[in-house]
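Hello,

Here is the structure I promised to pass on. My notes follow below it.

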Amino acid sequence: MYSASEGRTLDLDMLDKHDHARIRYKRVNENTGEEVAYKDIVKGYKKDDAYVILEKEDFENANIKKSKTIDIEEFVEETEVADMLFKNPYYLEPQKEGGKAYNLLRDALKKTGKLGVATFVMRQKENLSLVGVYKNVIVLHVIRFAEEIRDTKEIKIPTSKTSKKEIAMAESLIENYTEKFNFEKYKDVYNEQLLKTIESKSSGKKIKVEKMKSEPTAAKDLMAKLKASLEQRKKMAS
């Protein structure tokens, strides 16, 4: 398994505001106050008044099969999976003797448009996942278990109704501005902008902060504002 995504955040250090010295985190024994070397740290489960110490082998032996393999248990339609379930993608590479089986599974998944539902253990944690294909490579998507999704009842949704005419207008606008998704045209510009800010501060330049006031959009103005926003984005992209 190889991670198929990369972090996009800047590597920022935490500093003391008085002298800009770096803040260091130490692993400290709460009884002695002494720092503990990483090699001397073990994981333990508290049972009654004592800890049961777990070794690396204990985690593997808890489910040796799932620690060593990814087991596809069923297949589902790609369209049945909610986007919010997805967490992390991994590229899968076959073992030396598994090339033919790898290609067979990849080609069958591509042709059927299905995803495999699989479970495996990684870093002492059971994972639920979906197995699909991206650019001729089998990809495993770690997804969330049902208990990891918060209940939507906690969200306060207004009770106002929308008319058929308003919905028809919104549908028409959405259809008119629908294009084939090309994720390569979307760039992460926040880090780039943050770097410019850092460079300006380092050279002693004063940064002009643009004031922005956020106001809720009235329903009657939503379509006009959305259309204007889409037109502006289209101009910037051309």
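**Strand pairing and cores**

Leu 128 has Ile 143 as its bridge partner in strand 8. Helices (H or I, at least four residues) and strands (E, at least two) are DSSP runs, numbered from the N terminus. Strands pair if DSSP finds at least two bridges between them.

Before the rest, some ground rules. This is a predicted model, where local features need pLDDT of at least 70, side-chain atom pairs count only at pLDDT 80 or more, and totals for chains, interfaces and linings use all residues. Residues are numbered from 1 along each chain as its sequence is written, and side-chain values use heavy atoms, without hydrogens and water.

Strand 7 and strand 8 are antiparallel and share seven bridges. In their hairpin, two residues sit between the strands, and Lys 135 takes a positive phi near 50°. Strand 7 (residues 125–134) also runs antiparallel to strand 6, again with seven bridges. There, Thr 119 is paired with Leu 128 of strand 7.

Now the cores. A nonpolar core is a set of buried (under 20% relative accessible area, 1.4 Å probe, protein chains only) Ala, Val, Leu, Ile, Met, Phe, Trp, Tyr and Cys residues joined through side-chain atoms within 4.5 Å. The largest has ten residues, including Tyr 90, Phe 120 and Ile 138. Helix 3 (99–112), strand 6 (114–122) and strand 8 (137–143) each give two or more residues to this core. Strand 8 gives the largest share, three residues. Another core lies apart from it, with six residues, among them Val 76, Val 117, Leu 128 and Ile 143.

Best wishes

Technical notes:
Buried means under 20% relative accessible area, exposed over 50%, partly exposed in between (1.4 Å probe, protein chains only).
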